[in-house]
Amino acid sequence: MSRTQRWRRVLAVSLVGALASAFAVAAPAWAQTDSDATALIEQKAEPTLLAEIEDEGEAELWVQFHGAPDYSAAFNAETKADKGKAAVEAAMAFAESSQADLTAALEEAGVEYESFWASSSIKVTGGIELLETVTAFDEVAAVVDAPVVKPVEPVEPLMGTASTGWGVEDINAPSVWEQLGVTGEGVVIASIDSGVQYDHPALVEQYRGNNGDGTFTHDYNFYDVEGNCGGTPCDFSAEGHGTHTVGTMVGDDGAGNQIGVAPGAEWIAANYYGYSMESVLKAGQWVTAPTDSQGNNPDPSKAPDIVNNSWGRESSDSDPYYRDIVNLWHAAGIIPVFAAGNSGPACVTTNSPGGYPNVIAVGAYGTSGAIADFSSRGPTSDGRVKPDVSAPGVLVYSSVPGNNYTRLSGTSMAAPHVAGAIALMMEAEPAFRGDYDLVYEMLTESARFAEDDQCGGTEEANNVHGHGRIDALAAIDALPEGESGSISGTITDVDGAPLEGVELVFDGAFDRRATTGPDGTYTVKFALTGQHTVRATKFGYEPFTGTVNVSSGQTAVFDAALTPLATTVVTGTVVDGSGHGWPLAATVASAGGEVSTTTDPLTGRFELTLPTGGVELVVKTEYTGYQTVHVDVDAGDVLIEVPVAAGCTAPGYAFDPLGTGFESGTAPVGWTVVNRGPAPWIFDDPHNTGNQTPGSGGFAMARPPGGGTMDTDLISPVFDLSSAAEPVLSFATDFYGIAPYSQADVAISVDGGQTWEEAWAAESAVRDSTVTVDLSAWAGAQEAQLKFHYYHAYRSGYWWQIDDVLVGGVADCVPIPGGLVRGTVTDQNGAPVAGAVVTHTASGHHGVSGADGRYWTFAPGSGPSQLEAVDAESGSATVEVDVVPDSVIEVNLTLGASVPASFPTTGQEFAVHGSDLMLAA
């Protein structure tokens, strides 16, 4: 059997991993020694897999491969159909070549596996022998655990009402229908969601599988990914999530329920709606090349123009698990729209894949235009603005199974407004089809800017609304009229080698932009006729300028060769700039991320080779609570001082004498919870209610479960009230209760918690308010403590939220005497231990080790002190250390020692000599 024949057989058959207890595949000819095999496993396999194999004997392994498909032919294709065909061919070819050796070995051994071409990967189940064999293949880049992927669930029903179809009206869709006669006709939108009631009165006419004669063809139009529908399209979510989102995109029953933005467009769907990586990967693959109902005979010519994704993963916004699929969609000319997530109102909460730079992430707002509390916000972990735009997402009226309609809220409801608006754009102007850059540019530039700086941003976009609230009519009108052509070309260095990532700006009657791919090529599909001035730039190269003339219906060519700039070595030191002055572990990178390095965590020193003439550097610390700073450097040795961020959450800092914004997701250090009922105070918003107080970000919450009595205290650390600027307590609150069943009160102790006196009590509900409490009766107390007490004995659905607790009237963020401790936690074999909790026992300050075993924590005070490290599997260790104020010391711990260890640390005071001062304010 030929390799191609074997490949086709494996692709056509879904082989769910079922492995015998012993794996019989012989290692490749280049197999390593035992020590080399161990090293390869540590290098390529996720630690969670090793733990699962140790516990269960085997695990589901997802094998990823080095390299990526060559999509240059797809990006350079003229039509969307040609783009899709070329993209699928490139993805399949790369998957076949990258997986060939491993699949041959697996088949020879009779091991069942499943292969994916859209994101070259193999799923197979096995134990340590299989893992050793797989990691030995050079083509294998990583073996990972399957991520938990889930839909962006609607939030709990919000109070209030909204007019039917208010969202469709708000984004000006009716104006597009009436003024332009455009309803999305000829455009296909795909839904990856819980499925659809295909014969719902508002959706049946728009279903591409409707033959118009009372019969339906579900092949290529509906994919039952998880086999839940029994051969007929269905929606298997409890709330009808998929039916609701598709209704917002295209719904219209012809009898007054005009619920869809683009009622003339058609829809197709894949009914992923679970937690399986396998299912969401299959759904993304199917969107690029729809198949028959059995998952066979993929046909990229039947791919949609747009895909709506009201789902995501609550993980790092840069989590790469779906990046290959998104890149494939781009190459195939499919526009990806994603819900930003319902993890607001805290900043840096955008879901993945919504946080990717090449998708349109959508936030949600209500009828007033104000952002919804639940809507996820940016920036991304690398500082980019997200979401990209916002759309109606509160009490959105749309279709649900059973031929019914209801209102739901969430960014899941906002994203389909954007998908529908893009469908209108595509019917109005064919140039939008398959051109993500043009769609993005017109959609964002025409959006109605909404001022909101709570999470930062730029002058053009913020991290709450993105570029603003979408406007379908304005997006269409933003594209200028006139004859057009296209521009393409190749950018190389002076030796003719292709340059990736070159930014080109075409300045003409209608400015366009492009970026070169791995082969140095680019294409601008839509450019108005006439002369354009061109500027090509890339970090480390001299800018290149020139001109190009575009003729109607023709492709103009602009090529260039860029000359590298001279370079210089820049050194420097990154330190705390708000009082402690200690060295900071930080990433120092050029503004575009072209070059990057990390500081020595004990000295703060770094070195970078940069183009001569000055570069903007971005400094982001490893420690929480510091600002991200931007500085311009050209040469020499620089000192970069990084101030703490608002909120005073940086290690070693606190509000004086007491304050917290509850940003950590757990009880702040020094705060304790005393519980006398079925549920305690919580800090990570597991109910997705969002912050209902006047505060923002994290908050503390007491919420009764279903039935029973709740009685819980949140107690502050001891503080010196006599040092306060004024004896006053303020806190943001949302007390949603019903007297006499709900009680919320604050008590104060002046003897370190031995006795308590009431300082404030709610007489009725106190919603979305800031409470100020006079503490002058206890103004001289040097050992004061506060207790927030909540009692409830009625039923669930009520709560007390508090935020921004502050004593003294002035939010002074001051340094606490002490130093930083960092190091590595290992087991008895010297292997790093992930998840070990390292605690400064005297204060409770603690850190958790990462996958590499490294941890950090603040240690208050000075001189001899104790650290304890604990891991459930590897044991514990206790060490005595000397804390050095305003410095960083290194303390490494080995778990499982029979007796507590004691050894000297490498801590030292930090001083800077002979540096040019570079302040970052």
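User: What's the pairing if you number the bonded cysteines of the chain in sequence order?
Analyst: The pairing comes out as 1-2, 3-4, 5-6. Keep in mind that this is a predicted model.

User: OK, and how many disulfides does the structure hold?
Analyst: Three. One of them joins C229 to C234, with an S to S distance of 2.0 Å.

User: Is the disulfide of C229 and C234 left-handed or right-handed?
Analyst: Left-handed, because the torsion about its S-S bond is about -80 degrees. C229 has 12% relative accessibility, so it counts as buried.

User: What about C347 and C455, what's the torsion there?
Analyst: That link has -85 degrees about the S-S bond, which is left-handed. The sulfur atoms of C347 and C455 sit 2.0 Å apart.

User: And which parts does that pair tie together?
Analyst: C347 is in the loop between strand 11 (335-339) and strand 12 (360-365), while C455 is in the loop between helix 13 (436-445) and helix 14 (472-477), so the tied parts are 108 residues apart in sequence.

User: Is C455 buried or exposed?
Analyst: Buried, at 9% relative accessibility.

User: How far apart are their sulfur atoms?
Analyst: 2.1 Å for C648 and C813. C648 is buried at 9% relative accessibility, whereas C813 is partly exposed at 28%.

Key. Residues are numbered from 1 along each chain as its sequence is written. This is a predicted model: local features need pLDDT of at least 70, side-chain atom pairs count only at pLDDT 80 or more; totals for chains, interfaces and linings use all residues. Side-chain values use heavy atoms; hydrogens and water are left out. A disulfide is a pair of cysteine sulfur atoms within 2.5 Å. Buried means under 20% relative accessible area, exposed over 50%, partly exposed in between (1.4 Å probe, protein chains only). Helices (H or I, at least four residues) and strands (E, at least two) are DSSP runs, numbered from the N terminus.
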